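Reader: Please walk me through this model. I want contacts and charge pairs.

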Amino acid sequence: MIAERYINAVVLLGLLVVPSYALMVDEPFTITLATRAVVLALAAVGLNIALGTGGLVSLGHAVFFGLGGYAMGILAFHAQTYAPLSLGIFEIGGTKSMPIIWLVAIVVSALAALAIGLLSLRTSGVYFIMITLAFGQMFYYFAISWSAYGGEDGLSIYLRNDFPGLNTLQPMPFFGLCLALLCLALILHWRLLLSPFGLALNAARQAPQRVETVGLNPMRLRLVAFVISGAVTGLAGALFADLNRFVSPTMFSWQLSGELIVLIIIGGVGRLFGPVLGAILFVVLEHWLGAVTDFWHVWLGVILLLIVLFARGGLLGLLTGKEGPHV
Amino acid sequence: MSTLLLIEQILNGLQFGVMLFLMSAGLTLIFGVMGLINLAHGSLYMVGAFAAAAVAGATGSFLLALITALAAAATAGALVEIVVIRRLYRATHLDQVLATFALILIFSEGTRWVFGSFPLFLDIPDALSGPVSLPGGIKYPLYRLALIGIGILVALGLWWLTARTRLGIQIRAGENDREMIAALGVDISRLYTIVFALGAALAGLAGALVGAIQSVQIGMGEPVLILAFVVIVIGGIGSIKGAFVGALLVGLTDTLGGIFLPELFKLFMETDAATQTGSALASMAVYILMSLVLIWRPTGLFGARA
């Protein structure tokens, strides 16, 4: 059995080495695949804060992913058409600057998470799962019927957005940006786990009554976790949209919410690197199995079923021989 | 806006509502008795529709198609329960969500494998096709009227089953205290398989019936499944009465909202903007309804448990 920190180091090293090698042998598609894995991992790291640490099984995290995507899509759309964006009383111009887009994506999805959290955290268990799912559908149908921004067809952005000092049109610098943000999110989650807040949140998952007895409010702890979680997933959505230069209502779809949970589970739930490992495995499977058969989702389903029934800790659980935290 | 149109839309809403009830009844029963959240319920709806379309295509008999749909969905349900679901009763909600999500992937892609990606079509039987005149000079499709009738019959049948039969007593007892009825000698795992197969059969019936007015295609179950979740959250999980009231509320809200919200906004907005805002809001109306119900009653209209 291997210690978890060595596996984490290998995963991180792999994320540096594989794209660099692809750059050397001139295989830009591999870099794009790696970027896809890193961005999905970032989204799942966000969800892991709520799901793994907070025990909140949200089946609607695509809301934040989609909001991040549309934040990017709408700002860049106004920048490329030079039409000002009207916000009721005042008007602002669009922007192609990534840092501003990221900030907007984070703020918008955090606000949405606050509103959804306030409503749905009143409930728990199955009700919570179904309500987050329903909120996801609400946003999905809204995006479809909102024809000002493409409706069902989505929005295409012709050029990737800019980051000061980097040529983001090249795959490698953009990959570097995404990886840097993923590392920041991992550090955030790691610091969070060690902080008093993280300890209280963990406790609120395992024994809510005891947390209440010592004078803490589990509902408030969960709400804060949900907001942080939504913000990180929203940032990932903005990056995902920039990777594809395309936003569409499918970013809000409930299948995406499901897949984000799947990423965490195949990697290892509640572990720092679980989502990262899961996202890499998912993208590799999607690419390889997708090349062998059109029906690769059947095999994904079978693998997922086997993991749930027989390998509770996911891949990290198998490698380390420890099941990991229970959610 | 004429009265005729209003009545027609209300009938459409009722028809949608009773079909949602067929889905929600199984879902709520399965949750109430086994404590299981079953995302794959939509797949059983799809299985019913595909079985019906295949049999109707081969034999031309709609009745035979319906019977096959019921049998196929019930068999698929019982099989899934014995092979997979049985291991999930003691598992966490997260595991249940994941395992049944995996089942959706397997069912959907498996069906695509067998039937291909193109939608199938299921024709309305001749005896039920065409419009019928209702009092007041309303012409309404006979088939949709028949769907309302079937839905109400099934609702009555379910009430009779749970309130008046031995199986119903066991089901209700299972909801309250599974250890106790196991101790009294009821074969719990057989009871669970029966309840699951019953829920699956209802979903399959809904799929076959709705399949004749929509196309039969991969992924047709999931939008209905999510609406069925909304229904049982509104009605209160585990309550069949709640599922019935919730289903009618959701069916009427969805149908009437789509027609009347744009009209409502036209009263004080420009036509384009009103259509735009109205239809955007209409597509979210059932979810807004759900949020309102939850703020008012976090366990739904007829829900007892927290």
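Author: Buried means under 20% relative accessible area, exposed means over 50%, and partly exposed lies in between (1.4 Å probe, protein chains only). This is a predicted model: local features need pLDDT of at least 70, side-chain atom pairs count only at pLDDT 80 or more, and totals for chains, interfaces and linings use all residues. Residues are numbered from 1 along each chain as its sequence is written, chains are lettered from A and ligands numbered from 1 in the order in which they are written, and side-chain values use heavy atoms, with hydrogens and water left out.

Reader: Is R36(A) buried or partly exposed?
Author: R36(A) forms a salt bridge with E286(A), at 3.0 Å between the closest N and O atoms. A salt bridge here is a side-chain nitrogen of Lys or Arg within 4 Å of a carboxyl oxygen of Asp or Glu. The relative accessible area of R36(A) is 21%, so R36(A) is partly exposed.

Reader: Is R271(A) buried or partly exposed?
Author: R271(A) meets E4(A) in a salt bridge, 2.9 Å from N to O. E4(A) has 28% relative accessible area and is partly exposed. R271(A) has 5%, so R271(A) is buried.

Reader: How many salt bridges does the rule find across the interface of chain B and chain A?
Author: The contact (heavy atoms within 4.5 Å) takes 46 residues from chain B and 45 residues from chain A. Side chains of opposite charge can pair when their charged atoms come close. Across this interface, the salt-bridge count is zero.
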